[in-house]
Amino acid sequence: MQEEKSFKQPHQLILEERGRLSVSGVQDVDCFDESTVVLFTSLGRLVIKGRSLRVSGFSVETGDFALEGEVDSLVYSEDQKNRGGFFAGLFR
């Protein structure tokens, strides 16, 4: 039986020259392509938009995530992971 973590992982963002992003406290990677990356963090959903985005690392054990490319925006929203996603919200 796995022991569940009852505490939030520390969350930190480090953006270097808009070209390299390191994020801690990442619980899951929802989706990614060259222009958008969606992460679930200990502080909610994080959407990263940009150009030529490439995931350069992700550790499920530590919650550390890294990407490279040109970052245009970082937007937090309420955690939607357990609510059925975008389409479920349309039909409520």
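I count a contact when heavy atoms lie within 4.5 Å. I looked up Leu21 first. Leaving aside neighbours within four places in sequence, Leu21 is in contact with Leu13, Ile14, Leu15, Ile48, Phe65, Ala66, Leu67 and Leu74.

Notes on the source. This is a predicted model, so I note that local features need pLDDT of at least 70 and side-chain atom pairs pLDDT 80 or more, while totals for chains, interfaces and linings use all residues. Residues are numbered from 1 along each chain as its sequence is written, and side-chain values use heavy atoms, without hydrogens or water.

Core. The core has 12 residues, among them Leu21, Ile48, Phe65 and Leu67. Strands E2 (20–24), E3 (26–32), E4 (36–41), E5 (44–59) and E6 (64–77) each supply at least two of its residues. Strands here are DSSP runs of at least two residues, numbered from the N terminus.

Pairing. I take two strands as paired if DSSP finds at least two bridges between them. E2 and E6 run antiparallel, joined by 4 bridges. Arg20 stands opposite Glu68 in E6. E5 and E6 also run antiparallel, with 12 bridges. Ile48 stands opposite Leu74 in E6. The E5–E6 hairpin has 4 residues between its strands, and Gly63 in the turn has a positive phi of about 80°.

Ser24. Is Ser24 buried or exposed? I use buried for under 20% relative accessible area, exposed for over 50% and partly exposed in between (1.4 Å probe, protein chains only). Ser24 has 16% relative accessibility, so I log this residue as buried. Ser24 lies in strand E2. Not counting residues up to four places away in sequence, Ser24 touches Pro10, His11, Gln12, Gly63 and Asp64.

Salt bridges. I count a salt bridge when a side-chain nitrogen of Lys or Arg is within 4 Å of a carboxyl oxygen of Asp or Glu. The structure holds 6. Arg18 bridges to Asp72, with the closest N and O atoms 2.8 Å apart. Arg18 sits in the loop between E1 (12–16) and E2, 54 residues from Asp72 in E6. Arg51 also bridges to Asp72, at 3.2 Å between the closest N and O atoms. Arg51 lies in E5 and Asp72 in E6, so this pair ties together parts 21 residues apart in sequence. Asp72 is partly exposed at 40% relative accessible area. Glu68 pairs with Arg54, the closest N and O atoms being 3.4 Å apart. That pair links E6 to E5, 14 residues apart. Shared partners join Arg18, Arg51, Glu70 and Asp72 into one network.

Definitions and conventions:
A nonpolar core is a set of buried Ala, Val, Leu, Ile, Met, Phe, Trp, Tyr and Cys residues joined through side-chain atoms within 4.5 Å.
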